[in-house]
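Here are a few notes to read with the model open. Have a look at the structure first, then go through the points.

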Amino acid sequence: MRVTGAQRDPETAVIAKRVDRGTPDTEEVRELARAAGYRVAGEVTQTRKEDPALCLGEGKVDDLAALVARTDAGVVIFDNRLGPYQTYNLGNRLPDGVEVVDRFRLILDIFGQRAQTRKAQLQVELAELRYELPRVEAKVSLAKRDERPGFMGLGEYDESREQDIKSRISRIREELSQIERDEEHRREQRRESGFDLVALAGYTNAGKSTLLRRVAADLDVDENDDLHPDLDATAESQDELFTTLGTTTRRADMDRRDVLVTDTVGFISDLPHWLVESFKSTLDAVYRADLVLLVVDVSEPIEEIREKLVTSHDTLYERNEAPIVTVLNKVDKVPEEEVEEKKAALSALAPSPVAVSGREGTGVDDLLDRIDAELPPYERERLVLPMTDETMSLVSWIHDNAVVHAVDYGEQVVVDFEARPVVVEKSRAKAGELPVPAE
């Protein structure tokens, strides 16, 4: 029986979760709810097979409705994936005015709040539309049965909405494809300028943004403004989920190499393929890097770390070709012997990990050394050039983009340097274009 109730508080939520076996854990969904701006007033959990109509069993749904009525909650957040018809049925069993939000709708809401760049906003909108499309299709089906759902969750039926969504999805994909092409061009410009590209990957709240700030040099990009307009000095470090939604790139503090490190959106457990696919262009910063640092929170339980590593590797190995170095972050939170035990237990998934504290700086020098060792090797080159004004410009360019060991000036100019292969190749091409001085 549907329960009616008083005015609902749209910022107060009740959590619901069902698991097939074991004890339901609501810690993560509570954090997600808080990140979205809700106050959690209570929870209802159940261990049983999924009810195709309601997700929970009918008795538990009655308990949920009663709890919502007592707390005046305006939202019920399911830490489960709800189908359109489950959302419809639940909406009819809960008090009037209560919105039903499942796990993925909640994540999308958080993404929408955090999206700052055009790319991030487009990706959020794409994910929202792909989430909404099957629900619109369900509304069409219900309308044909003369059931016009006006409950919170599916919303009112609109016959033209389905085609509007499909058209908008197509337009967003086109715009994102153009952004991806622009970013790939920028990556190639950076490589041609002598920069190695390193990406931080890992689960949300692993400490990637804190680590980025720790390894970054004082941000000084004035000389590269034209090449790197997206370099951002404000990578946020907060104890919050999804602080980083877009990407933030900073220059690493390294002696021999010019390295750009990019912080990316954190992985999240139990995401559907369509949601991961919507953020594919953000993950391109990981897939197309020269080296990936897979950051994990070493203070978490070993089984949780193992599960996250397995999922991360599955995501990365699908398209990634760069070497992966596992970084055990937050060593300041656990005893040294526990870190060593976890290293041993995870050796099959994370051979030779680097243990660091992004917050305190412990192990960061070791991490920088490891980055230098794992990046593609430099190529040594010795160019013999004519003594001309154009040669002086080329020598200056080599100084900017390579590690120069020696320059000898005589009747000819001899430059001994090492650099990324693409820089060496470009320097040879530039040398071949130099005019030969007249006798």
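**Notes on the predicted model**

1. Strands β11, β13 and β12 make an open antiparallel sheet, in the order β11-β13-β12. Strands are DSSP E runs of at least two residues, helices H or I runs of at least four, numbered from the N terminus; two strands pair if DSSP finds at least two bridges between them. β11 (379-386) and β12 (403-409) sit at the edges with a single partner strand each, so one side of each has no neighbour in the sheet.

2. A word on the source: this is a predicted model, where local features need pLDDT of at least 70 and side-chain atom pairs count only at pLDDT 80 or more, while totals for chains, interfaces and linings use all residues. Residues are numbered from 1 along each chain as its sequence is written, and side-chain values use heavy atoms, leaving out hydrogens and water.

3. Eight bridges join β11 to β13 (residues 412-419), and E381 has F417 as its bridge partner in β13.

4. Now for L367, in helix α12 (residues 364-374). L367 is buried, at 1% relative accessible area (buried is under 20%, exposed over 50%, partly exposed in between; 1.4 Å probe, protein chains only). Not counting residues up to four places away in sequence, L367 touches L211, V215, L293, V327, V354 and V356 (contact means heavy atoms within 4.5 Å). V327 is 40 residues away along the chain, with 8.2 Å between the C-alpha atoms.

5. Helix α3 (residues 84-93) is mostly covered, with seven of its 10 residues buried; among them are Y88 and L90.

6. M392, in helix α13 (residues 389-401), is partly exposed at 32% relative accessibility.
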